[in-house]
Amino acid sequence: MLLIHCPYCQEERPELEFRNAGEAHIERPKNIAEISDEAFEGFFFIRDNPKGVSYERWRHIHGCARFFNAVRDTVSDKFVTTYKSGEPRVAVARGDDGVVRVAGEQQ
């Protein structure tokens, strides 16, 4: 079982308490009623699904019920870091040992 750190509760909790809410850092169109069908499809349905580092939104549904962002390595399924919604994207890098870490952290 994965343990996920909630940046609001400041605890690591079992993954069963959380729900994935899709890709993080998606900007909603300013006037969604006026965009083309293709642009709406791109915003609403098309998401990245990378092999490697993925920036995701999660919700702590059985805790504080708040949304937050997480960086997860989809190759190993390990969470690199979590951070509060509204905070800027955290820079990460894959080290020489193959492990993804927050940029600047020691191996």
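Modeller: We go from the whole chain to single residues; note that this is a predicted model.

Colleague: Which pattern does the protein chain follow along the sequence?

Modeller: Start with the order of the elements. Here the order is β-β-β-α-β-β-β-β-β, made up of 1 helix and 8 strands. The C-alpha atoms fill a box of roughly 50 × 35 × 25 Å along the principal axes.

Colleague: How much of the protein chain is made up of buried residues?

Modeller: Of its 107 residues, 26% are buried. The accessible surface is about 7,300 Å², with 48% of that belonging to carbon and sulfur atoms.

Colleague: Is D73 buried or exposed?

Modeller: Compare the relative accessible area with the cut-off: buried means under 20%. D73 has 4%, so D73 is buried. This residue is found in strand β5, which covers residues 67-73.

Colleague: What does D73 contact beyond its neighbours within four places in sequence?

Modeller: Its partners there are G52, V53, K78, V80, R94 and V100.

Colleague: Which residues make the nonpolar surface patch?

Modeller: F40, F44, F45 and I46 form that patch, with an area of about 430 Å². Among them, F44 lies in helix α1, residues 37-44.

Notes
Residues are numbered from 1 along each chain as its sequence is written. This is a predicted model: local features need pLDDT of at least 70, side-chain atom pairs count only at pLDDT 80 or more; totals for chains, interfaces and linings use all residues. Side-chain values use heavy atoms; hydrogens and water are left out. Patches are made of residues with over 30% relative accessible area and no salt bridge: like charges are joined within 9 Å, nonpolar side chains (Val, Leu, Ile, Met, Phe, Trp, Tyr) within 5 Å. Accessible areas come from the Shrake-Rupley method with a 1.4 Å probe; for residues, only the protein chains shown count as cover. A salt bridge is a side-chain nitrogen of Lys or Arg within 4 Å of a carboxyl oxygen of Asp or Glu. Helices (H or I, at least four residues) and strands (E, at least two) are DSSP runs, numbered from the N terminus. Buried means under 20% relative accessible area, exposed over 50%, partly exposed in between (1.4 Å probe, protein chains only). Contact means heavy atoms within 4.5 Å.
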